[in-house]
Amino acid sequence: MHQAAISMCASGKIYRIVILVGVSVVWCSLDRTAHASILGATAELGNGTFVAATASFLADGNDAGAFLDQTIAHIQAEFGYDMSFVGKTDDLGFGPFANDSSASVGYLALDSPTDGPLVLTLKAGPRYAAFLFVEPDIVGFQFNTEEAGLTNPQGKGQGLSHASLFVGDTPPPRPPTTVPEPSSFLLLGGLLGSVVLGRVRRRFSRPA
């Protein structure tokens, strides 16, 4: 009787372990697309909501002028999109923007709603930050140069020199990556559970 109770207790623990392993495997398989918010700039959509950038990078130098081709190549390398330069806030009439700003925190409106994919770059001090947005109906951007890493030696956000806008089409095709489907994870978890439970049964079915 005592041996049977021990066997049931051990089996119960194994069942709980198998269930936890299975849940963890399924959760990981379903959460592959999760990513953290990117700081420094958010895009406002036509419905009034703000979205974080899909990706970003920080680079030395200028994003426009003589460095424009280098910036476009950097965007393609980092984000996988071929982009075209539209204009910047210090162009005549603010380029594709409705306003300019020299503050470290502010808002830049677009002349007209623009569909992503697009890239906003913020130039301040000796560096610029680039932000990728893929949503449709983008009407403007909130920015914060300190959060974007565009800071002075004291760690404070520098005033915006200018912002630039790049627009593009779909990304070029990339080699497919093999990612196990959730059903494969479940099958693996089931096989693992069967092996473990089989060993437990054989262990406690042996004569004392």
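User: Buried means under 20% relative accessible area, exposed means over 50%, and partly exposed lies in between (1.4 Å probe, protein chains only). What is the relative accessible area of Asp91?

Analyst: This is a predicted model, where local features need pLDDT of at least 70, side-chain atom pairs count only at pLDDT 80 or more, and totals for chains, interfaces and linings use all residues. Residues are numbered from 1 along each chain as its sequence is written, and side-chain values use heavy atoms, with hydrogens and water left out. Asp91 falls in the partly exposed class, because its relative accessible area is 28%.

User: Which residue forms a salt bridge with Asp91?

Analyst: A salt bridge needs a side-chain nitrogen of Lys or Arg within 4 Å of a carboxyl oxygen of Asp or Glu. For Asp91, the closest N and O atoms are 3.5 Å apart. The partner is Lys88.

User: How many salt bridges does a search of the whole structure find?

Analyst: Asp90 forms a salt bridge with Lys88, with the closest N and O atoms 2.8 Å apart. Lys88, Asp90 and Asp91 are linked in a network of salt bridges. The search of the whole structure gives a count of two.

User: How many bridges join E6 to E7?

Analyst: E6 covers residues 118–124 and runs antiparallel to E7. Leu120 stands opposite Phe131 in E7. Two residues lie between the strands of this hairpin, where Gly125 takes a positive phi near 65 degrees. The bridges joining E6 to E7 number seven.

User: In E9, which residue is the bridge partner of Thr121?

Analyst: E6 also runs antiparallel to E9 (residues 162–168), and six bridges join them. The partner of Thr121 in E9 is Ser164.

User: How many of the seven residues of E7 are buried?

Analyst: Six bridges join E7 to E3, again antiparallel. Ala55 has Leu132 in E7 as its bridge partner. E7 is mostly covered, and its buried residues number six.

User: Which residues form one aromatic cluster?

Analyst: Rings of Phe, Tyr and Trp (its six-membered ring) pair if their centres lie within 6.5 Å; planes under 30 degrees apart count as stacked, over 60 as edge-to-face and the rest as tilted. This rule gives four aromatic pairs. One of them is the tilted pair of Phe57 and Phe79, at 5.3 Å centre to centre with 45 degrees between the planes. The cluster consists of Phe57, Phe79 and Tyr128.

User: How many residues apart are Phe57 and Phe79?

Analyst: Phe57 and Phe79 are both buried. The pair links distant parts of the chain, with Phe57 in E3 (residues 55–60) and Phe79 in H2 (residues 68–79). Their separation is 22 residues.

User: What is the angle between the planes of Phe57 and Tyr128?

Analyst: Tyr128 is buried, as is Phe57. Their rings are 6.1 Å apart, centre to centre, and count as edge-to-face. The angle between the planes is 75 degrees.

User: Which strands are the edges of the four-strand sheet?

Analyst: This open sheet has the order E2-E1-E8-E5 with antiparallel pairing. Neighbouring strands are turned by 25 degrees against each other on average, direction ignored. Each edge strand pairs on one side only, and the edges are E2 (50–53) and E5 (105–114).

User: Which residue in the turn between E1 and E2 has a positive phi of about 90 degrees?

Analyst: Four bridges join E1 (residues 38–45) to E2, and the two run antiparallel. Ile38 has Ala53 as its bridge partner, and Thr42 stands opposite Ala52. The hairpin has four residues between its strands, and the residue with that phi is Gly48.

Methods. Two strands pair if DSSP finds at least two bridges between them. Axes are lines fitted to C-alpha atoms, for helices over the stretch in contact, and angles run from 0 to 180 degrees between N-to-C directions.
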